[in-house]
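This report is for a reader new to the structure.

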Amino acid sequence: MNSYNSIASDVRVGKDVKLSRFINLYGCEIGDETKIGAFVEIQKNASVGKRCKISSHSFVCEGVVIEDNVFIGHGVMFINDTYPRATTEHGELQTEADWKVERTTIRKGASIGSNATILANVEIGENAIVGAGSVVTRDVPANAVVAGNPAKVIRIIEGNKENEMPKAIPFLDLVTPHLELERELTNAFRQGLRTAGFIGGPVVERFEDAFASFCNASRAVAVSSGTDALRFAIMACGIQPGDVVLTVPNTFIATTEAISQARAIPEFVDIDEQTYNMSPAMLQRYLEKQCIRDRTGRLISLRSGRPVTAVIPVHLYGQIADMDAILALAEQYGLTVIEDACQAHGAEYFSKRLNRWMRAGSMGRAAAFSFYPGKNLGACGEGGAVTTNDGALADKIKMIRDHGQVKKYYHDVEGYNGRLDAIQAGILHAKLPHLASWNLQRRDRATEYNRLMETHEGISLPYEPEWSHFT
Ligand SMILES: Cc1ncc(COP(=O)(O)O)c(C=O)c1O
């Protein structure tokens, strides 16, 4: 202690406490080994625990309890009355008797950044961190990091104690990209509200153009889900009720649902053991051994006795099926190819036949994408799209998604209510420029998982053929 301080005789100071100059303490308690910086005031009935650090210019008022190992930055202000007033209701200056002191507790190990203000009647949890300049208006949970005015939780600090059980790794973090793009996404929503343009219109068309160009396809038609995209593509391609559509068993159920909802019959061709996608060898065997030609030359399935007219390879887990071989067989047998690209936004395939990289969605007669929130390009709700290089086919899909009409109330065919709403289109358009870098981030993490797992016996790592790539 030194002569520049004002320390009242009722202050209880612990062992090895370090006090700087110009401090003002009265009626309070300071724990062992705590350090108090210059120009700090600590009032009566406040207590500071052991091994705390109270930096200069902070004000700790009556009613504040600071537990052990707490860090208080410079100029931190505590307040101990929710509604402080200078005068009483009769206009006289308030005295201590009028002042209602509320308690504020800072739990063990918490840190409060410089210039933060802590309002009365709050508790700051163990090991929590309050960002510099924050205004804390309500309780802060243990281990939370809060910032801003009013302070909000921005993250939770993960435990790092040696004997702690490892935490489950979330399969997918859908929150962070939405927080990072919050401004753009809210703008898309706001635009919808301000124009009441909820269905169709320029926002949907702009997204369709941008997505078609991302896929290197000439057209994209936005619809209400990946399942609808598949079903509308099957219908628009002229697959008839009772026709057989070939696909793989190793897919999400929506692939076969779309086939049967279009009143066609799904038949399975098995997958390649390495890529987990449609095996061209199995497709060839099916076409050669399990089909015959009828008198008119139609290809007939021996399994169902029905004509085989289409094939839907699925680009599962972002890896494109071996399209050169599948397209060649389809051409030989007169089959329509529809890509199920619901998991393959931005995936690429090196076509030896064309000697160039091709994007998912640009190779079949049509391709279906899903914008379910967990997909690489996900909406904030449901959504999907069909891409194609055939303008007439795109127009047909537009008609099917909109109750079979091109002109309002002129319904040429029986259609569906299968449109993508404009707010989702605006949201997807705001996300689209980030898709390539998000895909790269997924690849980086996949590479790291591969590295960590490659030495474990009994685990076969995903196989990536040289013709497959993700941008
Ligand atoms: C391979 C595949 N096909 C189709 C779909 C259906 O998409 P949606 O859920 O948007 O209808 C999905 C979605 O999970 C999928 O993964």
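## The shell around the ligand

Sorted by class, the shell around the ligand holds five nonpolar, eight polar and two charged residues. The model is predicted. In total, 15 residues surround the ligand, and the closest are Gly226, Thr227, Asp340, Ser370 and Lys375.

## Polar atoms at the ligand

In the side chain of Asp340, an N or O atom lies 2.8 Å from a nitrogen atom of the ligand. The side chain of Gln343 has an N or O atom 2.9 Å from an oxygen atom of the ligand. For Ser370, a polar side-chain atom is 2.6 Å from an oxygen atom of the ligand.

Taken alone, the ligand exposes 390 Å², of which the protein buries 91%. Two or more residues of the shell around the ligand come from each of helix 4 (226-236) and helix 5 (254-261). Helix 4 gives the largest share, three residues.

## Val122 in its loop

Val122 sits in the loop between strand 16 (117-118) and strand 17 (123-124). Is Val122 buried or exposed? Its relative accessible area is 4%, so Val122 is buried, the cut-off for buried being under 20%.

Leaving aside residues up to four places away in sequence, Val122 touches Arg103, Thr104, Thr105, Val136, Thr137, Arg138 and Asp139. Val64 is 58 residues from Val122 in sequence, and the two are 9.8 Å apart in space, C-alpha to C-alpha.

Methods. Residues are numbered from 1 along each chain as its sequence is written. This is a predicted model: local features need pLDDT of at least 70, side-chain atom pairs count only at pLDDT 80 or more; totals for chains, interfaces and linings use all residues. Side-chain values use heavy atoms; hydrogens and water are left out. A residue is near a molecule or strand if one of its heavy atoms lies within 4 Å of it. A polar contact is a pair of N or O atoms within 3.5 Å; within protein, one must be able to donate a hydrogen and the other to accept it, and residues adjacent in sequence count only if both atoms are side-chain atoms. Accessible areas come from the Shrake-Rupley method with a 1.4 Å probe; for residues, only the protein chains shown count as cover. Helices (H or I, at least four residues) and strands (E, at least two) are DSSP runs, numbered from the N terminus. Ala, Val, Leu, Ile, Met, Phe, Trp, Tyr, Cys and Pro count as nonpolar, Asp, Glu, Lys and Arg as charged, and the others, Gly among them, as polar. Buried means under 20% relative accessible area, exposed over 50%, partly exposed in between (1.4 Å probe, protein chains only). Contact means heavy atoms within 4.5 Å.
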